[in-house]
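Student: I'd like to go through the labels on this one and see where each comes from. Can we take them one at a time?

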Amino acid sequence: MHFSNMLNFALHDDFIKFDKNRGHIEYNLSMMEWKALKTLSKMDNVIFKPSDKGNKLVIMHYAQYFSMCMEHLNDNQTYEIINMSVYNQALKEYHELLSKRNRLGYFTDSDIKNKFDIRDSKMAHFYCLPKVHKDLNKPPGRPIVAGCDYFTHALGVIYIII
């Protein structure tokens with residue numbers, strides 16, 4: 001028997017089951033749980049976050065989540081409040097780096113316009129993922145600074161090219 005025939009034979013039963021159940025979705029929540037989540041999601045003082053580990057949904061009071069985040073942000077050894085002049089200086093240095101690499105032939109004008117354009121860039125986003133595996137009642141947070149749309153995101157591309 002050829003491999004393609006064996007594969008067709010092996011998948012035939014699965015396809016028949018799939019075809020019979022088309023349009024039927026199995027949910028992992030009961031109707032009561034679904035309605036409870038819908039009700040909670042409409043509350044302003046409740047926040048939903050994925051857990052740091054274990055692929056769980058964590059539902060927290062907003063004040064508890066805020067406190068968890070502030071524990072990190074109040075750490076002056078790690079985080080610092082900056083004003084816009086620091087941001088503007090970093091942006092200026094970024095432009096200088098691109099211009100220098102362009103003059104040296106690392107990038108074309110088209111590269112800079114299409115790959116390193118910062119007109120749509122956004123500030124980095126800070127948030128925490130609750131570590132419920134450490135403490136279920138008052139979980140510490142895992143800090144995340146997501147800067148995918150921040151102008152420095154393209155610096156990683158520059159570094160790889162160099």
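**Labels and their cut-offs**

Tutor: Start with Lys 49, which is buried yet has no salt bridge, the nearest side chain of opposite charge being Asp 52, 12 Å away. This is a predicted model, with local features needing pLDDT of at least 70, side-chain atom pairs pLDDT 80 or more, and totals for chains, interfaces and linings using all residues. Residues are numbered from 1 along each chain as its sequence is written, and side-chain values use heavy atoms, leaving out hydrogens and water.

Student: Why is Met 31 called exposed?

Tutor: Buried is under 20% relative accessible area, exposed over 50%, partly exposed in between (1.4 Å probe, protein chains only). Met 31 has 55%, so it is exposed. Met 31 lies in helix α2 (residues 31-41).

Student: And why is Tyr 79 partly exposed?

Tutor: Tyr 79 has 22% relative accessibility, so it falls in between.

Student: How do you know that Tyr 79 and Phe 126 pair edge-to-face?

Tutor: Ring centres must lie within 6.5 Å; planes under 30 degrees apart are stacked, over 60 edge-to-face, the rest tilted. The whole structure has two aromatic pairs. For Tyr 79 and Phe 126, the centres are 5.7 Å apart and the planes at 80°, so the pair is edge-to-face.

Terms used:
Helices (H or I, at least four residues) and strands (E, at least two) are DSSP runs, numbered from the N terminus. Lys and Arg count as positive and Asp and Glu as negative; His and the chain ends are not counted. A salt bridge is a side-chain nitrogen of Lys or Arg within 4 Å of a carboxyl oxygen of Asp or Glu. Rings of Phe, Tyr and Trp (its six-membered ring) pair if their centres lie within 6.5 Å; planes under 30 degrees apart count as stacked, over 60 as edge-to-face and the rest as tilted.
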